[in-house]
Amino acid sequence: MAHAIAPGRVTFDDKMVVRKAIEDAKIPFTYICAGCFAGYFIGGLCQPGNILPSRERVLLHGDGNVKAVYVDEDDIATYAIKTIDDPRMLNKTLYIRPPENTLSQREVVQAWEKLIGKELEKTSILEKDFLSIINGTDDYAQQVGLGHYYHVCYEGCLTNFEIGEEGEEASRLYPEVNYVRVKDYLKRYL
C-alpha cells in the first residue's frame with residue numbers, strides 16, 4: 001500500500017515503519033492481513049457509512065465487479081491464534097483470503113438479494129466521482145475511510161496480487177477452521 005492516497009496512506013506508512021523496526025531488530029514476527037472486516041462492509045453491502053443492508057437500492061462502486069476479501073472478525077481472531085505456535089508462520093505473513101468470501105460487491109449484493117427474494121435497484125458511482133467525494137470532504141476521518149474503500153473497491157488491492165513465499169493463505173493452512181461465509185453472515189439481517 002505504499003501508493004495509497006492521502007490521507008488514508010498514513011495508516012500504511014505507520015505500519016511500514018513498525019514492520020521495518022521489527023525486522024531490523026530481528027524480532028520474530030507473524031503479520032496478519034485480514035481483508036475487510038465483515039462488520040464494516042457486509043451489513044452495508046459494501047457502501048461506506050451503511051451498516052444495515054437495504055431492501056430497496058444499492059450504490060455500486062464502478063461496475064461492482066472488483067473482488068475483495070470479507071472476513072468475520074471472530075474468524076480473524078481464530079486464524080491469528082492458530083499462528084502463535086505454528087513454526088510454518090515464523091517471519092511470514094498470513095493472508096486471510098477464504099475462497100468463498102473473495103467476492104465482488106455485486107456478488108455480495110446478489111447473495112443478499114437471494115436471501116430476501118428481491119432484486120435491488122442498482123446505481124453506480126464512477127471512480128472519478130468517488131475520488132471527488134474524498135477530495136471534497138473536510139472530515140479527516142472520513143477521508144481516511146473513503147480512501148481505504150477506494151483501494152479495496154476500485155483497485156482490488158486485497159486480491160490483485162499473488163501470495164509469495166513470504167506468506168501463506170489462512171484457509172489453506174488451517175482447513176479445519178469453518179469460517180463464516182458471506183451468505184451466512186448476511187442472514188443476521190433478515
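The protein has 8 helices and 8 strands. Both are DSSP runs, numbered from the N terminus: helices are H or I with at least four residues, strands are E with at least two. The radius of gyration is 17 Å, close to the 16 Å that the globule rule gives for 190 residues, so the protein is as compact as a globular protein of that length. That radius is taken over C-alpha atoms, and the rule is 2.2 Å times the number of residues to the power 0.38. The C-alpha trace spans about 50 × 40 × 25 Å along its principal axes.

This is a predicted model: local features need pLDDT of at least 70, side-chain atom pairs count only at pLDDT 80 or more, and totals for chains, interfaces and linings use all residues. Residues are numbered from 1 along each chain as its sequence is written, and side-chain values use heavy atoms, with hydrogens and water left out.

Now look inside. Of the 190 residues, 41% count as buried. Buried means under 20% relative accessible area, exposed means over 50%, and partly exposed lies in between (1.4 Å probe, protein chains only). Contact means heavy atoms within 4.5 Å. Among contacts with a separation of 6 or more, 82% are between residues 24 or more positions apart.

Thr93 is in strand 5, residues 92-95. At 6% relative accessibility, Thr93 counts as buried. Leaving out residues up to four places away in sequence, Thr93 touches Tyr31, Cys33, Glu166, Gly167 and Glu168. Asp72 lies in the loop between strand 4 (67-71) and helix 3 (73-83). Asp72 is buried too, with a relative accessible area of 8%. With the sequence neighbours up to four places away left out, Asp72 touches Ala38, Val180, Tyr185 and Arg188.

Next come the helices. Helix 1 covers residues 9-24; at 1.5 Å a residue, its 16 residues should span 22 Å, and its end C-alpha atoms are 22 Å apart, which agrees. The expected span is 1.5 Å times one less than the number of residues. Just after helix 1, Lys26 takes a positive phi of about 60 degrees.

Helix 6 covers residues 140-155. Its 16 residues should also span 22 Å, and its end C-alpha atoms are 22 Å apart, in agreement. Asp139 caps its N-terminal end, with a side-chain oxygen 3.1 Å from the backbone nitrogen of Ala141. Gly156 follows helix 6 and has a positive phi, near 70 degrees. The buried residues of helix 6 include Val144, Leu146, Tyr149 and Val152.

Last, the rings. A search of the whole structure finds 9 aromatic pairs. The centres of Phe37 and Tyr40 are 6.2 Å apart and their planes are at 25 degrees, so this pair is stacked. Rings of Phe, Tyr and Trp (its six-membered ring) pair if their centres lie within 6.5 Å; planes under 30 degrees apart count as stacked, over 60 as edge-to-face, and the rest as tilted. Phe37 is partly exposed at 36% relative accessibility, whereas Tyr40 is exposed at 58%. Ring pairs also link Phe41, Tyr70 and Tyr149 into a cluster.

The charged end of Arg19 is over the ring of Tyr31, 4.0 Å from its centre. Arg181 lies over the face of Tyr179, 3.8 Å from the ring centre. A charge counts as over a ring if NZ of Lys or CZ of Arg is within 6 Å of the ring centre and within 35 degrees of the ring normal.

Terms used
Polar contact = N/O pair within 3.5 Å; in protein donor to acceptor, adjacent residues only side chain to side chain.
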